[in-house]
Amino acid sequence: MTAPATRSLAGGHTVLRPHSRVSLLLHRRSAVVAVGLLVLLAALMLASACLGQTYISPGEVWRTMRTGAGPYELVVGELRVPRIVLGALVGAALGLAGALVQSVTRNPLASPDVIGVGHGAAAATVLALATGAVASPGALPVVSVAGGLAAAALVYVLAWRRGMQPSRFVLIGVGIGVALSAVVQLYLTDSELEAAEQVKLWLTGSLNGRGWEQAGPLGVVLLLSVPALVWAGRMLRPLGLDPETAAGLGVRVDRVRLGLTVLGVVLAATATGAAGPIGFVALTAPQLARRLTRTTQLPLLNAALTGAVVLVAADLAARTLLPPLEIPVGALTSLVGGPYLLWLLGRRTATR
């Protein structure tokens, strides 16, 4: 058995040959950034498990998680840890979804929110509540996922004109989102106070009161998406070229765009069903990841890790900034993401 071979290339890449029939192209800076993000994510998750209205030392957190018993079993094992895991999974899913949608549209201002996923999920949820089609709150995540998928499918169909034009796709997504948002507002103004409060809390996006029940299905979706994400990582490089060049390389551009869009929408819709519409994570995480790695294409792994870091950090701040008041994490990400969007818009205008 031969030892794994490596060979450095220009542009910061290294070719790994773990087997004579297997070769992998590794971007060295991206690998270093991924390790750094993993360490930062682990530190944030530990800090989130320790901090709150009740401070718990890291040793007690580890002992409680290892034994499943102790004086902090309720706080650590049932309240904080499931919420932290869900936040990391939702952030990773949104980061991946944002990277895929931005790669398809070739627009850093695009995100699953822009193409109507969040608005579709919200509209489906309020319609289900208004018509009484859903009697159990546990069924609402399924309804929101279906609504997000349906809205994105409608946008794709309307944007199709002898192929999918990215600019048309984004503009129609904005229009559909505005229309669906009007449906939600109409419901809020004409509904009972208790039902309206329930919907408004969900619309802000929050991890409060959520745990393994929501994290389990999202984790399964992410795990099942790994083969598709590996394929997506291979397709992003030729798709970053102009459509004619990509087609000349043997890439079926429209089919690849459709596949990447479907994958991104499924991830975004599932994350929205788990925690509600959390704004700006899918928008900011891919761009932050690309600035860290300095790659031409959006790095999927680092976008996922950046999304997880952003959302876990935001949820920690939302829990601890104004105790005992708990800010919905979606409100906090929107508060921070708004200035970032303005900066990004100004930067794009200045470069034109």
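**Close-up views of a predicted model**

**View 1. The aromatic pair.** The structure holds one aromatic pair, where pairing of Phe, Tyr and Trp rings (for Trp, the six-membered ring) requires centres within 6.5 Å. The ring centres of Tyr156 and Phe169 are 5.8 Å apart and the planes stand at 75°, so the pair is edge-to-face (over 60 degrees; under 30 counts as stacked and the rest as tilted). The pair links distant parts of the chain, with Tyr156 in helix α5 (residues 140-159) and Phe169 in helix α6 (residues 166-190), 13 residues apart. Helices are DSSP runs of H or I with at least four residues, and strands are runs of E with at least two, numbered from the N terminus. Tyr156 and Phe169 are both buried (under 20% relative accessible area, 1.4 Å probe, protein chains only; exposed is over 50% and partly exposed in between).

The model is predicted: local features need pLDDT of at least 70 and side-chain atom pairs pLDDT 80 or more, while totals for chains, interfaces and linings use all residues. Residues are numbered from 1 along each chain as its sequence is written, and side-chain values use heavy atoms, without hydrogens and water.

**View 2. Leu223 in its helix.** Leu223 lies in helix α8 (residues 212-224). Leu223 counts as exposed because its relative accessibility is 62%.

**View 3. The whole protein.** The protein has 14 helices and three strands. Of its 352 residues, 45% are buried. Among contacts (heavy atoms within 4.5 Å) between residues at least 6 apart in sequence, 68% join residues at least 24 apart.
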